[in-house]
Amino acid sequence: MDPRGVLRELGLDLPEEVAVRVWDSNAASRYLVLPERPPGTEAMREAALATLVTRDAMIGVAKVAAPRVGGGA
Amino acid sequence: MNGIHDIGGMQGLGEIGYQANEPLFHEPWEGRVAALLQAIRLGGSLRPYIERIPAAEYLRMSYYERRYTALVTRLIERGVVTRAEVDRGRGDPAAVKATQALTPAVVRELLLRTPRTERHIELTPRFHFGDRVRGRNIHPTTHTRMPRYTRGRTGVVERMRGVFNLPDREYGAGETTPQHVYLIRYTARELWGDDAPAHDALYIDMWEDYLEPA
């Protein structure tokens with residue numbers, strides 16, 4: 001009923017201009033979350049990108065944080 | 001069934017209780033239940049058994065308690081074990097069991113198996129891409145995949161999913177009733193009223209019997 005409220009409770013506050021689409025996985029279809037690539041990671045390869053991804057990002061309730069300057073795995 | 005599990009749109013359920021760095025299992029027994037669920041493949045969904053847990057107990061139980069309760073109910077109903085055996089925690093020596101010993105090779109094979117429930121039969125679909133459809137006002141007493149928040153609500157066919165058995169009949173009368181399944185798009189406002197954000201939407205798979213033309 002209030003997906004934005006649920007996300008907020010999990011720590012993700014989405015701006016109004018981002019449309020929220022809820023997928024009710026009630027039947028045989030299953031969904032895989034593809035986290036949004038954070039800015040500043042264009043030069044990073046798959047293995048390095050994988051270290052940025054968290055469980056919460058993979059279940060769609062958090063954004064992947066950009067690597068800290070000088071860090072980047 | 002209009003059961004306690006069908007909570008879409010319900011309020012007053014409290015906080016989610018978000019835990020940072022949550023452990024995979026909170027108690028060792030939860031891991032054992034997860035392993036049991038993988039090892040004991042009796043076929044079919046556990047959901048109908050979970051939904052039969054009385055409402056007050058359902059709300060009190062944790063995720064793995066519900067699954068354990070449903071699994072035991074199913075094992076007893078299918079004659080794999082008796083209630084007395086479960087209570088004692090060991091098999092009745094007099095009972096004849098045809099259970100094969102589980103080996104790591106068998107477990108690996110089971111884990112890698114993807115359940116495929118799509119029926120490859122030619123059926124003329126009643127609805128097509130772009131059709132406006134309304135959720136029928138039905139209240140099945142069996143297991144169903146139609147959440148109550150879709151009843152009477154109008155959406156649009158977004159995609160054809162293929163042909164699948166209707167769970168209501170399969171888990172009710174034990175009949176296979178294959179029919180088309182459609183991905184339906186509902187606007188958040190159609191479901192939750194004018195206070196919902198204008199551009200938000202909800203997508204859900206609906207069996208043909210759940211829908212009527214709008």
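Predicted model: local features only at pLDDT ≥ 70, side-chain atom pairs only at ≥ 80, totals over all residues.
Local features need pLDDT of at least 70 and side-chain atom pairs pLDDT 80 or more, while totals for chains, interfaces and linings use all residues. Residues are numbered from 1 along each chain as its sequence is written, chains are lettered from A in the order in which they are written, and side-chain values use heavy atoms, without hydrogens and water.

The size of an interface is often given as the accessible area lost when the parts come together. Here, chains A and B bury about 1900 Å² between them (accessible area lost on being put together, 1.4 Å probe, summed over both). Carbon and sulfur atoms account for 52% of this area. Met1(A), Glu9(A) and Asn26(A) supply 32% of the area that chain A buries against chain B, more than any other three residues. The contact (heavy atoms within 4.5 Å) takes 19 residues from chain A and 25 residues from chain B.

Two strands pair if DSSP finds at least two bridges between them; strands are DSSP runs (E, at least two residues), numbered from the N terminus. Strand 1 of chain A and strand 5 of chain B (residues 201-207) pair in the parallel sense over 4 bridges. Val22(A) stands opposite Leu202(B) in this pairing.

Charged side chains also meet across the interface. There are 2 salt bridges (a side-chain nitrogen of Lys or Arg within 4 Å of a carboxyl oxygen of Asp or Glu). Arg55(A) forms a salt bridge with Glu22(B), with the closest N and O atoms 3.0 Å apart.

Terms used: Buried area = accessible area lost by both parts, 1.4 Å probe.
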